[in-house]
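Here is a short note to read alongside the structure. Please follow the points in order.

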Amino acid sequence: MNEENSIWKGSPSQWLNIGPFGVSIALGVAIIVGGMFFPPLFAAIILPLGFMVWKYLVVRTQVFELTSERLRITRGVINQQVDEIELYRVKDSLMIRTWWMRLTGLASIQLETSDRTIPSLTIPAIHGGTEMRELLRKQVEFQRDKKRVREMDFDETASGDVGSDMVG
């Protein structure tokens, strides 16, 4: 029996929080300035600070792990949710690198799958996106060959449905 091995593990970059952090800092500055005229307002500084901590933790606790057989997705700050996609179910991948991602060396990978619970998945703002996508592609092909699974796309049928099916 084959042993499942971890191939890649990573989390999204905190660059995803640049917008929320900027808004929180601006709000914090406004509270501090307002607090100079109305000192009880200083207590409100906890709101933007708490929001920044929460956004940080949401990104930090999101972990993607590519193993030799599946992609494991872990999410959750307080309550944790772990979901998995069997690699042979990955139908297509798309790498997205917006201008700010290119500047920071990040990439997002979008996956289309035949998994019922996760038909579409985005792995956002990760370092080494090109290498991770290639690792994923190779493992998907390996698992499909191993399980003798192939993807079949069907054009419109007489009923007008368009779909695809996995054949094993």
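**Notes on the predicted model**

1. The largest nonpolar core has 17 residues, and Leu 66, Leu 71, Leu 111, Leu 121, Ile 123, Met 132 and Leu 136 touch the most other members. Elements giving two or more residues to this core are β2 (63-67), β3 (70-75), β6 (106-113), β7 (120-127) and α4 (129-147). A nonpolar core here is a set of buried Ala, Val, Leu, Ile, Met, Phe, Trp, Tyr and Cys residues joined through side-chain atoms within 4.5 Å. Buried means under 20% relative accessible area, exposed over 50%, and partly exposed in between (1.4 Å probe, protein chains only). Helices (H or I, at least four residues) and strands (E, at least two) are DSSP runs, numbered from the N terminus.

2. This is a predicted model: local features need pLDDT of at least 70, side-chain atom pairs count only at pLDDT 80 or more, and totals for chains, interfaces and linings use all residues. Residues are numbered from 1 along each chain as its sequence is written, and side-chain values use heavy atoms, leaving out hydrogens and water.

3. The structure holds 9 salt bridges (a side-chain nitrogen of Lys or Arg within 4 Å of a carboxyl oxygen of Asp or Glu). Lys 146 pairs with Glu 69 at 3.8 Å, N to O. Lys 146 is in helix α4 and Glu 69 in the loop between β2 and β3, so the pair ties together parts 77 residues apart in sequence. Glu 69 is buried, at 16% relative accessible area.

4. Arg 70 forms a salt bridge with Glu 86, with closest N and O atoms 2.9 Å apart. Arg 70 is buried at 15% relative accessibility, whereas Glu 86 is partly exposed at 23%.
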